[in-house]
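Trainee: I have a new model open. Can you walk me through how to read its features?
Mentor: Gladly. Let us look at it together.

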Amino acid sequence: HIEIAKFAVEDMSYDPSKPSLVPELVLRKKADLDRLAAARSDRLSRNGNRKVFSKGSRVVKVRKPETYLAKEKGKLNAARRFERVKKKGLQSRKRRQGEAKTKVVDKSSGQEVASDDEVDEADTELVEIKANSLGASTVFVVRIRSSDSSTPSKVKKSLNTMRLRNAWDGVFVRVTPDTLRVLECIEPYVVYGTLREGSITELLTRRGYGKVVDTENTGKPERVPLDNVVIEDALGEATGCICVSDVVSEIMSPGENFKAVNNFLWPFRLADVDSGFEKRKLKKISNKKEDYGDKGEGMEDVLKLIM
């Protein structure tokens with residue numbers, strides 16, 4: 001035992017010719033800790049002794065009680081309006097008679113000229129358009145507002161029934177007394193009007209998708225871009241529509257095959273009129289009274305903005 005102790009003492013003795021070695025892992029860990037401490041002290045010197053939120057951290061927003069009261073009041077008013085219009089309809093006189101408006105358009109392009117544009121009067125002309133959809137057989141309906149806690153449940157149900165589940169979805173609707181009453185009930189959430197044959201063709205070509213059932217794999221409907229082959233395979237045998245022109249004709253003058261053709265068309269996904277920059281930074285307020293409702297032939301100008 002005495003010999004073992006002597007060996008241990010000799011082994012633990014300090015030898016200046018043999019410096020002690022520190023493992024590399026310990027050195028790296030110490031360097032990381034020093035770097036974190038330096039970064040923390042730098043943040044405290046710049047921001048003070050308070051919590052620093054990163055970009056990925058969650059920011060808690062505090063809402064005032066007045067916000068909840070205003071939403072509940074808006075929901076109550078919307079529900080009352082829905083029930084009133086459902087029973088009595090809209091009472092404005094322009095709903096019961098045709099209304100006309102005039103606009104200045106460019107002769108060469110056919111586009112409307114704004115009042116502040118400097119254009120020679122010889123190159124423009126005054127055109128009269130219908131301001132409502134009275135007498136139309138088909139209208140194009142676009143949803144312009146999304147649902148939130150202030151939207152009544154009956155309004156949500158009516159929008160879903162018309163296949164307008166998301167904001168800026170568009171569908172064609174056959175004008176009947178029932179569909180007209182539904183449009184009047186949900187008018188603050190939609191904009192609708194009539195389209196010319198050329199506009200419908202352009203809409204189907206640029207934004208048109210069909211509902212094709214995948215029978216081989218999933219058996220669920222798929223969203224497929226429109227072309228003559230897809231239309232003929234899906235509608236040719238049942239309705240006789242074999243190309244885009246046949247679909248346009250069925251929409252312009254709805255007949256017994258309008259329901260099948262309209263259900264085949266996937267709801268059009270259109271663009272928002274206002275950009276995200278205008279909403280977030282410029283605080284632009286949309287959905288004012290002149291932004292929704294029946295536009296008549298003025299729907300052509302709305303379609304140019306959102307297509």
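Mentor: Start with one residue. Glu-297 is partly exposed, because its relative accessibility is 32%. Keep in mind that this is a predicted model.

Trainee: Where does Glu-297 lie?

Mentor: In the loop between β9 and α11, the latter spanning 299-306.

Trainee: How far apart are Glu-297 and Leu-195, in sequence and in space?

Mentor: They are 102 residues apart in sequence. From C-alpha to C-alpha, the separation in space is 6.6 Å.

Trainee: On to the sheet. Which strands form it, and in what order?

Mentor: The order is β8-β4-β3-β5-β9. These five strands make an open sheet with mixed pairing. At its edges sit β8 (268-269) and β9 (293-296), and each of these pairs on one side only.

Trainee: How should I think about side chains in a strand?

Mentor: In a regular strand they alternate between the two faces of the sheet. Now take the pairs in this model one by one.

Trainee: How many bridges join β3 to β5?

Mentor: Four, and the two strands run antiparallel. Strand β3 covers residues 138-143 and β5 covers residues 190-193. For a landmark, find Val-141: Tyr-192 in β5 stands opposite.

Trainee: And in what sense do β3 and β4 pair?

Mentor: Antiparallel, over five bridges. Thr-138 has Arg-174 of β4 as its bridge partner.

Trainee: What joins β4 to β8?

Mentor: Two bridges, again in the antiparallel sense. Here Gly-170 is partnered with Phe-268 in β8.

Trainee: Is β4 mostly covered or mostly open?

Mentor: Mostly covered. Of the six residues in β4 (residues 169-174), five are buried.

Trainee: Next, backbone angles. Which residues should I check for a positive phi?

Mentor: Check Arg-163, whose phi is positive at about 65 degrees although this residue is not a glycine. Then check Trp-168, also not a glycine, with a positive phi near 65 degrees.

Trainee: Where is Arg-163 found?

Mentor: Arg-163 lies in the loop between α4 (153-161) and β4. Trp-168 is in the loop between α4 and β4 too.

Trainee: Are these two buried or exposed?

Mentor: Arg-163 has 13% relative accessibility, so it counts as buried. Trp-168 has a relative accessible area of 13%, so it is buried as well. The cut-off for buried is under 20%.

Trainee: Now charges. What is the idea behind a salt bridge?

Mentor: Side chains of opposite charge can pair when their charged atoms come close.

Trainee: How many salt bridges does the structure hold?

Mentor: Six. Let us go through some of them. Lys-30 and Asp-34 join through their side chains, with 3.3 Å from N to O. Both residues belong to helix α2 (residues 24-47), four residues apart, or about one turn of the helix.

Trainee: Why is Lys-30 called exposed?

Mentor: Because its relative accessibility is 52%. The line for exposed is drawn at over 50%. Asp-34 has 44%, so it counts as partly exposed.

Trainee: Which residue does Arg-35 meet in a salt bridge?

Mentor: Asp-32, at 2.4 Å from N to O. Arg-35 and Asp-32 are three residues apart in helix α2, so about one helical turn separates them.

Trainee: How do Arg-35 and Asp-32 score for accessibility?

Mentor: Arg-35 is exposed, with a relative accessible area of 54%. Asp-32 is partly exposed at 36%.

Trainee: What about Glu-202?

Mentor: Glu-202 forms a salt bridge with Arg-206, and their closest N and O atoms are 3.1 Å apart. The two are four residues apart in helix α6 (residues 197-207), so the separation is about one helical turn. Glu-202 has a relative accessible area of 37%, so it is partly exposed.

Trainee: Which residues gather in the patch of positive charge on the surface?

Mentor: Arg-84, Lys-86, Lys-87, Lys-88 and Lys-157. Helix α3 (residues 65-88) gives the largest share of this positive patch, four residues.

Trainee: Where is the place of Lys-86?

Mentor: In helix α3. Lys-86 is partly exposed, because its relative accessible area is 47%. Patch members need over 30%.

Methods
Residues are numbered from 1 along each chain as its sequence is written. This is a predicted model: local features need pLDDT of at least 70, side-chain atom pairs count only at pLDDT 80 or more; totals for chains, interfaces and linings use all residues. Side-chain values use heavy atoms; hydrogens and water are left out. A salt bridge is a side-chain nitrogen of Lys or Arg within 4 Å of a carboxyl oxygen of Asp or Glu. Buried means under 20% relative accessible area, exposed over 50%, partly exposed in between (1.4 Å probe, protein chains only). Patches are made of residues with over 30% relative accessible area and no salt bridge: like charges are joined within 9 Å, nonpolar side chains (Val, Leu, Ile, Met, Phe, Trp, Tyr) within 5 Å. Accessible areas come from the Shrake-Rupley method with a 1.4 Å probe; for residues, only the protein chains shown count as cover. Lys and Arg count as positive and Asp and Glu as negative; His and the chain ends are not counted. The place of a charge is taken as NZ of Lys, CZ of Arg, CG of Asp or CD of Glu. Two strands pair if DSSP finds at least two bridges between them.
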